[in-house]
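Dear colleague,

Please find the structure below, followed by an account of what was found in it.

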Amino acid sequence: VTGASFVVFNGALKTSSGFLAKSSIVEDGLMVQITRETMESLRQALRDKKDFKITCGKIDSGDVKEYVDICWVENEEKTNKG
């Protein structure tokens, strides 16, 4: 589990790269590089307020994968207001 001050979703990852998606720590945030198709699915999930899971790693790798989970919660914290 990684805590981050911000998240950047970059939809320019090419399918020919051999990756499902790539995540990396940038400054005190997280950058997730995804394909255009995944970006479209992510946008729709955000509009619909549905959870979304991004699997990161090589397409043909059988190794343990990293996941970026976007989860909607019932309780909204009143922190960082304003």
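Five bridges join strand S2 to strand S3, and the two run antiparallel. Strands here are DSSP runs (E, at least two residues) and helices are DSSP runs (H or I, at least four), numbered from the N terminus; two strands pair if DSSP finds at least two bridges between them. Within this pairing, Ser23 has Val32 in S3 as its bridge partner. S2 and S3 form a hairpin with two residues between them, and Glu27 in the turn has a positive phi of about 55°.

Strand S2 (residues 19-26) is also joined to strand S4 (residues 52-58) by two bridges, again in an antiparallel arrangement. Here Phe19 is partnered by Lys58 in S4.

The model is predicted: local features need pLDDT of at least 70 and side-chain atom pairs count only at pLDDT 80 or more, whereas totals for chains, interfaces and linings use all residues. Residues are numbered from 1 along each chain as its sequence is written, and side-chain values use heavy atoms, with hydrogens and water left out.

Thr35 lies in the loop between strand S3 (29-33) and helix H1 (36-47). Thr35 is buried, with a relative accessible area of 8%; buried means under 20%, exposed over 50%, and partly exposed in between (1.4 Å probe, protein chains only). Leaving aside residues up to four places away in sequence, Thr35 touches Gly11, Leu13, Thr15 and Leu20, where contact means heavy atoms within 4.5 Å.

As for the cysteines, Cys56 is buried at 3% relative accessible area, whereas Cys71 is exposed at 51%. The count of disulfides (pairs of cysteine sulfur atoms within 2.5 Å) is zero.
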